[in-house]
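Group the points by topic and keep the wording plain.

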Amino acid sequence: MNHPAFPPCPALQVTARVVEQELMARNTYRLRLHCPEIARRIVPGQFFMVRPARGSDPLLGRPFALFDTFDDEHGQPVGFDFGYVTVGKLTGLMPSWQVGDEVSVWGPLGNGFPIVPAETKHLMCVAGGIGQTPFLAVARELLTSRRYGLPVRDVAADATKVSLCYGARSAEYLAGLKEFAIDGLDMRLATDDDSRGHHGFVTELLRQSLASDSPPDLIYCCGPEPMMHAVQKIATAASVACWLSLETPMACGIGICYSCVAKIQQDDGEWDYRRTCLEGPIFPAAKVVF
Ligand SMILES: Cc1cc2nc3c(=O)[nH]c(=O)nc-3n(C[C@H](O)[C@H](O)[C@H](O)COP(=O)(O)OP(=O)(O)OC[C@H]3O[C@@H](n4cnc5c(N)ncnc54)[C@H](O)[C@@H]3O)c2cc1C
Ligand code: FES
């Protein structure tokens with residue numbers, strides 16, 4: 001399965017306006033920005049950088065993945081949602097952003113998830129924590145009439161079963177469950193403390209699915225590094241194609257600063273550093289060196 005090494009569309013820097021803000025789960029919000037320029041171009045798995053439109057604190061933007069785009073009354077994409085967890089400086093400020101506030105955004109960035117080949121029988125998305133957000137657009141592209149990108153991506157995987165295994169520390173951190181209530185999406189939850197779904201790691205749900213009558217033949221994964229490392233090992237042992245969406249810290253998002261490098265295996269079998277913002281964030285699991 002080939003993947004374009006560089007972004008399918010050049011990035012733009014724009015000033016966007018906050019349209020909506022919603023608490024989705026503990027310390028977890030959905031922010032909706034009016035931003036037609038990026039909404040028209042972005043595809044599932046791509047991301048954008050966000051920072052306040054004014055001032056220099058924080059100085060650097062922070063990367064966030066597309067949750068989904070939304071349309072105007074004519075069916076044209078005019079903005080997008082992303083989910084965020086409050087962990088530090090910028091995400092700590094973001095809950096105070098009000099409707100109408102201006103935000104500086106640049107994107108779409110990165111490569112996005114590859115288009116699912118039509119012959120795929122079962123796509124399994126494995127998510128940990130806030131790593132579930134990129135899979136809403138993946139699922140809607142495959143299971144609904146929602147389309148993404150400029151030109152619009154041609155998706156012909158009608159016969160593909162789509163599952164999402166989503167794990168969190170506890171039920172109070174499970175975010176976006178109402179958005180993921182999509183006809184045809186096989187959703188399985190796991191919590192570390194047994195407060196909802198399977199008691200234990202989300203990787204155990206992946207193992208169960210691989211041992212079932214309809215095992216996945218393609219895996220997409222996003223979440224904490226130890227979880228992605230475990231998924232890489234499981235997919236390799238089962239000989240199933242797998243792609244990981246890396247979340248390395250980033251400063252520029254456009255390939256200039258090299259703050260985002262990850263160790264990626266090259267054609268000669270040796271690893272070298274690759275810029276996650278430009279050549280990722282999505283890499284074949286078999287190439288990622290943890
Ligand atoms: C491609 C990509 C997509 C992402 N999508 C999302 C998303 O959709 N929703 C979301 O909530 N987060 C997402 N992240 C992570 C998000 O960018 C960080 O949580 C954010 O930068 C934190 O900013 P801050 O100013 O609040 O924290 P800071 O004050 O900058 O940092 C707080 C603490 O978090 C650590 N930290 C910061 N970034 C990361 C990181 N990427 N990995 C591990 N530790 C980190 C810092 O080292 C520090 O200890 C994504 C990251 C990448 C690279
Ligand atoms: S974030 Fe600057 S090169 Fe990737």
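**Briefing on the predicted model**

Helix H5 (residues 225-238) lies across E8, strand E12 (218-222) and strand E13 (241-245), and runs at about 170 degrees to E13. This is a predicted model. The protein is divided into domain 1 (12-109) and domain 2 (122-287).

- The centres of domain 1 and domain 2, taken over C-alpha atoms, are separated by 21 Å.
- Where the domains touch, 26 residues come from domain 1 and 25 residues from domain 2.
- On the side of domain 1 that touches domain 2, the elements that give two or more residues are strand E1 (12-25), strand E3 (47-52), E4, strand E5 (68-71), E6 and strand E7 (102-109).
- E6 gives the most to this side of domain 1, with four residues.
- By residue type, the side of domain 1 that touches domain 2 divides into 17 nonpolar, five polar and four charged residues.

**The open sheet**

- Seven strands form an open sheet with mixed pairing, in the order E11-E10-E9-E8-E12-E13-E16.
- Strand E11 (198-199) and strand E16 (282-284) are the edge strands, and each pairs on one side only.
- E9 and E10 run parallel and are joined by seven bridges.
- Ala-168 has Thr-191 in E10 as its bridge partner.
- Strand E10 (residues 185-191) also runs parallel to E11, and two bridges join this pair.
- Thr-191 stands opposite His-199 in E11.
- In a regular strand, side chains alternate between the two faces of the sheet.

**The helices**

- Helix H4 (residues 202-210) lies across strand E8 (122-128), strand E9 (161-168), E10 and E11.
- The angle between H4 and E9 is about 150 degrees.
- Both H4 and H5 lie across E8.
- Helix H3 (residues 134-143) is mostly covered, with nine of its 10 residues buried.
- The buried residues in H3 are Pro-134, Phe-135, Leu-136, Ala-137, Val-138, Ala-139, Arg-140, Glu-141 and Leu-142.

**The surroundings of ligand 1**

- How many residues surround ligand 1? There are 23, and the closest are Arg-62, Gly-88, Lys-89, Leu-90 and Thr-91.
- Strand E4 (62-65), strand E6 (77-85) and helix H2 (89-93) are the elements that give two or more residues to the shell around ligand 1.
- The shell around ligand 1 divides into 14 nonpolar, six polar and three charged residues.
- Domain 1 (12-109) and domain 2 (122-287) each give at least three residues to the shell around ligand 1.

**A loop residue**

- Pro-114 is placed in the loop between E7 and E8.
- Why does Pro-114 count as partly exposed? Pro-114 has 18 C-beta neighbours inside 10 Å, and a residue is buried only if 20 or more other C-beta atoms lie within 10 Å of its own, and exposed if 12 or fewer do.
- Pro-114 and Trp-243 are 129 residues apart in sequence, and 8.8 Å apart in space from C-alpha to C-alpha.

Terms used:
Residues numbered from 1 in each chain as written. Chains lettered and ligands numbered in written order. Predicted model: local features only at pLDDT ≥ 70, side-chain atom pairs only at ≥ 80, totals over all residues. Pairing = 2+ DSSP bridges. Contact = placed C-beta atoms within 7 Å. Axes fitted to C-alpha atoms, helices over the stretch in contact; angles between N-to-C directions. Near = placed C-beta within 6 Å. Nonpolar A, V, L, I, M, F, W, Y, C, P; charged D, E, K, R; others polar. Domains from an automatic or database assignment.
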